Amino acid sequence: MIVLGIETTAHTFGASVLRDRDVLSNVWDSYSHPERGMIPAEVAQHHIDVCDVVIKNSLEKAGISAKNIGLVSFSQGPGIGNCLRVGATAARAFALHHKIPIIGVNHCIAHLEIGRLVAPGCIDPVLLYASGANTQVIAYDSGKYRVFGETLDMGVGNFLDQVGRLLGLGFPAGPKIEEYARLGKRYIQLPYVVKGMDTSYGGMYTKIRNMVADGVSEEEKADICYSMQETVFAMLVEVSERALAHVGKKELLLGGGVACNKRLQEMCTIMCKERGAASFALPNQFNVDNAAMIAWLGKVMYESGVRMTIPETAIRPYERTDDVEVVWRS
Ligand code: AMP
Ligand code: MG
């Protein structure tokens with residue numbers, strides 16, 4: 001079966017063509033800004049502007065004609081309503097025009113399922129999902145992906161981006177923070193907030209904002225980025241380790257844009273090694289918001305018997321990971 005996947009939960013309009021278990025193309029165009037973050041209507045306009053070109057590129061790169069697509073799959077939620085609506089509309093138009101089935105999928109679960117597709121040996125992982133808006137520790141149990149821990153305020157990526165804005169690093173700031181962190185020499189104590197299995201970043205943001213209120217040198221920027229990475233990643237590794245211990249699983253999978261970070265990957269590898277577990281980091285194209293994971297989850301759901309009518313493809317901006325019945329694993 002050949003599937004077209006469409007991703008539009010936030011900053012990225014992505015399109016991917018998947019044949020059976022092969023990702024034939026995975027292309028995207030992401031909104032960015034030199035000074036500030038996302039304004040929903042502006043990001044949605046970006047997606048409207050690029051959607052036809054990105055879908056066309058995806059088909060061309062895959063060497064597949066639109067009429068050979070057998071299923072269209074799109075991210076139904078959670079995400080920014082304005083942005084989700086663009087992807088859902090494009091997917092519906094494609095499905096109706098070509099008279100093919102359509103499936104809406106949960107974006108967070110797609111981050112986990114793509115790991116099970118592309119990482120050999122990753123079968124039943126705990127997912128540390130660290131992205132812009134979402135920060136969750138997720139694992140499968142009794143018919144659902146359960147959330148064992150999550151952020152109590154902002155997603156870790158949004159936190160990094162907000163600090164990046166204070167430091168004048170543009171949006172998204174994660175990759176620049178990683179570069180600066182490598183130059184850091186001095187560890188600055190920052191609020192380490194783990195409550196049970198949950199994490200929180202607001203206190204750290206306030207402390208850094210106060211520190212840089214009167215300006216910041218390049219050296220200080222490096223020390224802040226280094227200290228911030230060490231602290232937030234330690235928090236994430238702590239709750240991930242506890243999840244592994246509680247649910248008795250032996251695999252940790254990293255997902256989400258923040259999972260591109262090499263230091264986070266390294267810290268997870270060390271923790272897993274110490275407890276005899278395996279740590280899986282994916283190629284960056286599958287960490288960031290991408291349509292390949294949407295195509296793959298759509299296919300898995302369709303093959304397990306899931307069907308959707310057009311009214312059922314209404315967007316679900318607030319859908320939670322554990323709202324979804326995981327019929328394909330039971
Ligand atoms: P997502 O929402 O999953 O697409 O992830 C986007 C988030 O990942 C943004 O907040 C980025 O700043 C963050 N990000 C991307 N690359 C990195 C990196 N190398 N280190 C830390 N954060 C990153
Ligand atoms: Mg994501």
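At the start of α3, which backbone nitrogen does a side-chain oxygen of asparagine 106 reach? That nitrogen belongs to cysteine 108, and the oxygen comes to within 2.9 Å of it. This is a predicted model, where local features need pLDDT of at least 70 and side-chain atom pairs count only at pLDDT 80 or more. Residues are numbered from 1 along each chain as its sequence is written, and ligands from 1 in the order in which they are written.

**Helix α3**
- Helix α3 covers residues 107-118; helices are DSSP runs (H or I) of at least four residues, and strands (E) of at least two, numbered from the N terminus.
- Because 10 of its 12 residues are buried, α3 is largely enclosed by the rest of the structure; buried means under 20% relative accessible area (1.4 Å probe, protein chains only).
- Among the buried residues are His107, His111 and Leu117.

**The magnesium site**
- The magnesium ion (ligand 2) has His107 (NE2), His111 (NE2), Tyr129 (OH) and Asp289 (OD) as protein donors, at 2.1 to 2.7 Å; donors are N, O and S atoms within 2.8 Å of the metal (3.2 Å for Na, K and Ca), with water not among the atoms.
- Histidine 111 in helix α3 and tyrosine 129 in strand β6 (residues 126-130) link distant parts of the chain, 18 residues apart.
- Histidine 111 counts as buried because its relative accessibility is 0%, and tyrosine 129 likewise has 0%.

**Ligand 1**
- An oxygen atom of ligand 1 lies 2.7 Å from a side-chain N or O atom of aspartate 161.
- For aspartate 289, the corresponding distance to an oxygen atom of ligand 1 is 3.2 Å.

Terms used. Side-chain values use heavy atoms; hydrogens and water are left out. The expected span of a helix is 1.5 Å times one less than its number of residues. Buried means under 20% relative accessible area, exposed over 50%, partly exposed in between (1.4 Å probe, protein chains only). A polar contact is a pair of N or O atoms within 3.5 Å; within protein, one must be able to donate a hydrogen and the other to accept it, and residues adjacent in sequence count only if both atoms are side-chain atoms.
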